[in-house]
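Here is a short report on one protein chain. Look at the sequence and the structure first, then read on.

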Amino acid sequence: MHDLPASILVRSQSILFCTPNIRAILKADKLVILESLETDTEFGKDSEASTTVQSIVSDIQQLGSRTHTNQGDGSTAPFEFIVLESLLSKEIHYLSQTSSELTNRVNTLLSSMSSQDVISTAHMQEMIEVKDANEIFLRAATSVKDAISEVLSEPDDMRRMYLTGLSAGHLREYGDDDEIELLLETYFKYSTSLTLTASRNIQRLNSASQHLTLLLSSTRNRLLHLEIRLEIAMLAMSAGALPAAIFGMNLTSHLEEHPWAFWAATVGIGMIAFMATQIGRYGLRKARRVKMEQAGLLAGSKHSIPNLPHHP
């Protein structure tokens with residue numbers, strides 16, 4: 001699919017048809033399909049029609065024979081309508097194939113992610129690629145829908161799309177364009193369905209991405225909480241090591257011969273470590289509460305409804 005926006009332009013004696021996969025010029029008795037020269041020169045098929053052209057020609061023949069059979073009076077539909085329906089049908093077919101492939105990729109990716117406890121980097125990279133592909137497809141399908149909608153909103157363009165009658169000097173009256181209107185509305189609904197499918201796929205990927213972000217945030221918060229607890233434990237050990245370092249100096253304190261000095265010093269060091277631990281935990285709870293209040297999670301707990309005065 002190319003990046004040009006889709007458009008269906010009606011001119012005096014022709015219709016310019018440009019979609020993400022097909023570009024062509026329609027006349028009352030002729031169809032000109034524009035193809036990239038790079039594809040032909042790369043594979044050396046200058047003298048052969050591409051698969052797209054062959055498929056479009058086959059569709060035109062089938063639609064022409066079917067339309068001729070359905071006409072009760074033996075007349076046939078205008079050539080430009082048969083060609084336009086074939087081009088729209090082929091474009092919707094290409095978009096439908098792409099939509100099915102992307103939907104399968106989304107289903108496979110989400111199923112694989114839900115069946116594993118740990119989301120790997122490959123899954124996240126695949127999610128980004130699938131999301132980008134769906135966004136590109138959504139733009140393409142939306143451009144086709146908008147191009148058809150633009151023609152439907154212009155009655156003058158629809159009546160001038162009767163190229164066969166226009167070449168014979170017969171211009172349709174306003175409102176006398178039921179055939180082309182029905183044709184465009186049919187493929188407008190098809191393109192709308194494709195855009196809805198792409199939007200649902202993107203929404204599913206966004207939901208999975210948000211869920212993954214929440215999981216990563218929760219894991220990061222648990223790791224930070226564990227790190228803070230370890231820091232508090234290190235603080236308590238450092239506070240307890242200070243008295244031990246003081247007693248470890250080679251200075252006479254006259255406590256060496258006291259029968260209960262060792263046990264008293266041990267209990268004192270333990271109390272200091274315990275107090276340091278409690279102070280650290282209190283500071284952690286205080287910081288967490290302040291953070292939650294700043295986020296507005298506890299704003300409702302600060303305001304209480306005052307007691308109404310009692311009137312006998």
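Start with Glu-179. This residue is partly exposed, with a relative accessible area of 44%. Glu-179 sits in helix α7.

The model is predicted: local features need pLDDT of at least 70, side-chain atom pairs count only at pLDDT 80 or more, and totals for chains, interfaces and linings use all residues. Residues are numbered from 1 along each chain as its sequence is written, and side-chain values use heavy atoms, with hydrogens and water left out.

**The overall plan**

The protein chain has nine helices and four strands. Helices (H or I, at least four residues) and strands (E, at least two) are DSSP runs, numbered from the N terminus. Along the sequence the pattern is β-β-β-β-α-α-α-α-α-α-α-α-α. The chain has 312 residues, and 27% of them count as buried.

**Helix α4**

Helix α4 covers residues 121-152, and Asp-146 lies in it. Val-144 is also placed in helix α4. Is Val-144 buried or exposed? Val-144 counts as buried, because its relative accessibility is 3%. Asp-146 counts as partly exposed, at 41% relative accessibility.

Both residues have partners from elsewhere in the sequence. The C-alpha atoms of Val-144 and Ala-6 are separated by 5.2 Å, yet the residues are 138 apart along the chain. For Asp-146 and Thr-192, the C-alpha separation is 9.4 Å, and they are 46 residues apart along the chain.

**Salt bridges**

How many salt bridges does the structure hold? There are four. A salt bridge is a side-chain nitrogen of Lys or Arg within 4 Å of a carboxyl oxygen of Asp or Glu.

| Residue | Partner | Distance, N to O |
|---|---|---|
| Glu-126 | Arg-105 | 3.1 Å |
| Asp-156 | Arg-160 | 3.0 Å |
| Arg-160 | Asp-157 | 2.8 Å |

Take Glu-126 and Arg-105, which form a salt bridge. Glu-126 lies in helix α4 and Arg-105 in helix α3 (residues 79-114), so the pair ties together parts that are 21 residues apart in sequence. Glu-126 is partly exposed, at 26% relative accessible area. Arg-105 is partly exposed too, at 33%.

Now look at Arg-160. Its side chain meets that of Asp-156 in a salt bridge, and it also meets that of Asp-157. Asp-156, Asp-157, Arg-159 and Arg-160 are linked in a network of salt bridges.

**Two surface patches**

Patches are made of residues with over 30% relative accessible area and no salt bridge; like charges are joined within 9 Å, and nonpolar side chains (Val, Leu, Ile, Met, Phe, Trp, Tyr) within 5 Å. Accessible areas come from the Shrake-Rupley method with a 1.4 Å probe, and for residues only the protein chains shown count as cover.

Which residues gather in the patch of positive charge? They are Arg-229, Arg-281, Arg-285 and Arg-288. Lys and Arg count as positive and Asp and Glu as negative, while His and the chain ends are not counted. The place of a charge is taken as NZ of Lys, CZ of Arg, CG of Asp or CD of Glu. Helix α8 (residues 261-294) gives the largest share of the positive patch, three residues. Arg-281 is placed in helix α8. It counts as partly exposed, at 44% relative accessibility.

The other patch is nonpolar. Leu-242, Ile-246 and Met-249 form it, with about 310 Å² of accessible area together. Met-249 is found in the loop between α7 (178-247) and α8. At 45% relative accessibility, Met-249 counts as partly exposed.

**The annotated regions**

An unreviewed UniProt entry carries the annotation "transmembrane region" for residues 230-248 and 260-284. UniProt positions are given in the numbering used here, feature names are shortened, and annotations may be inferred rather than shown by experiment. Over residues 230-248 the chain is 95% helix and 0% strand, with the end C-alpha atoms 26 Å apart. Over residues 260-284 the figures are 96% helix and 0% strand, and the end C-alpha atoms are 36 Å apart.

Key: Buried means under 20% relative accessible area, exposed over 50%, partly exposed in between (1.4 Å probe, protein chains only).
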